[in-house]
Amino acid sequence: MALLEVRDLKKIYSSRFSGTQVQALDNVNFDVQEGEFVAIMGESGSGKTTLLNILAALDRPTAGKVLLNGRDLGKERAAFRRSHLGFVFQDFNLLDTFTNKDNALLPLVLAKEKYPVMMKKLTPLAETLGISSILKKYPYEVSGGQKQRVSIARALITNPEILLADEPTGALDSRSSEDVLNLFTRINQEGQTILMVTHSMKAASYAGRVLFIKDGRVFHQIYKGDRSSSEFYEDISRTLTMMSRKGERA
Ligand code: ADP
Ligand code: MG
């Protein structure tokens, strides 16, 4: 059984005012195995954020389901999702009235964890992420790259089965992007399953597999195998060119 199973996912947004409908996801199917690092690519408007928000249970599908270890996420309570999934967003979503430390601890505070237990989890994680020295500061006092690392700490503090990231390097300069991607590679090598949406070929080339979505469907997928990131990058680039030429679905 795969860790994550995505089955026949459809999402239609309808506007009650104009009566118009947008089919953001047509019929999405894929699995993610434990320990994988998967990137999802697709043009702007292809349904990437919609897909990730449904996986994160921040939005509901019109049809289809998402299973985590065989459990239907749509039927689980918010607390279950909070403890089993970690989220990283493009714009960090940190609370400016909380210190970086309190932002990172937030999921454990919501789970009513005791303070010594929280710190026992945060201390080594902060070390790994290189944020120990900025924990007492506020998000507005640190750089974008540091903010994203705090948000990664918040996502990982519950030891989630899957880390879900929507354009995690989208708001970062190239140096900080590389830091975040190297970090993802490292935690993946230590066993963390990662699913990352990105429109950056560079970012996707760090993953072990890339799923391409087009018109709300999985159009194609490629595996890195034992190729280098630069060889994989070339393959990703060719695939995107092929996809943009091909009007029809495969
Ligand atoms: P991506 O992240 O790949 O750019 P999105 O998932 O954001 O794509 O959007 C997919 C499609 O769904 C687009 O046509 C977008 O305009 C539409 N869409 C996204 N969110 C909403 C919403 N809340 N209401 C209506 N349409 C939406
Ligand atoms: Mg998006």
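Colleague: Which elements each supply at least two residues of the shell around ligand 1?

Modeller: β2 (21-32) and α1 (48-55) do. Keep in mind that this is a predicted model.

Colleague: Which one gives the most?

Modeller: α1 does, with 3 residues.

Colleague: What residues are around ligand 1?

Modeller: They are Y13, V22, A24, E43, S44, G45, S46, G47, K48, T49 and T50.

Colleague: How do the residues of that shell divide into nonpolar, polar and charged?

Modeller: 3 are nonpolar, 6 are polar and 2 are charged.

Colleague: Now the contacts. What lies 2.7 Å from an oxygen atom of ligand 1?

Modeller: A backbone N or O atom of G45.

Colleague: And S46, how far is its polar backbone atom from an oxygen atom of ligand 1?

Modeller: That distance is 3.2 Å.

Colleague: What about K48? Which part of K48 lies 2.9 Å from an oxygen atom of the ligand?

Modeller: A polar side-chain atom of K48.

Colleague: How much of ligand 1 does the protein bury?

Modeller: Taken alone, ligand 1 exposes 560 Å². The protein buries 58% of that.

Colleague: New topic, helices. At what angle do α5 and α6 pack?

Modeller: About 25 degrees, and their axes are 9 Å apart. Helix α5 covers residues 144-156, and helix α6 covers residues 174-189.

Colleague: Why is α5 called roughly parallel to α6?

Modeller: Because their angle is about 25 degrees, and angles under 35 degrees count as roughly parallel.

Colleague: Is the crossing left-handed or right-handed?

Modeller: α5 passes α6 in a right-handed crossing.

Technical notes:
Residues are numbered from 1 along each chain as its sequence is written. Chains are lettered from A and ligands numbered from 1 in the order in which they are written. This is a predicted model: local features need pLDDT of at least 70, side-chain atom pairs count only at pLDDT 80 or more; totals for chains, interfaces and linings use all residues. Side-chain values use heavy atoms; hydrogens and water are left out. A residue is near a molecule or strand if one of its heavy atoms lies within 4 Å of it. A polar contact is a pair of N or O atoms within 3.5 Å; within protein, one must be able to donate a hydrogen and the other to accept it, and residues adjacent in sequence count only if both atoms are side-chain atoms. Accessible areas come from the Shrake-Rupley method with a 1.4 Å probe; for residues, only the protein chains shown count as cover. Helices (H or I, at least four residues) and strands (E, at least two) are DSSP runs, numbered from the N terminus. Ala, Val, Leu, Ile, Met, Phe, Trp, Tyr, Cys and Pro count as nonpolar, Asp, Glu, Lys and Arg as charged, and the others, Gly among them, as polar. Axes are lines fitted to C-alpha atoms, for helices over the stretch in contact, and angles run from 0 to 180 degrees between N-to-C directions. Angles under 35 degrees count as roughly parallel, over 145 as roughly antiparallel, 65 to 115 as roughly perpendicular and the rest as oblique. A crossing is left-handed if the near helix is turned anticlockwise from the far one by less than a right angle, and right-handed if clockwise.
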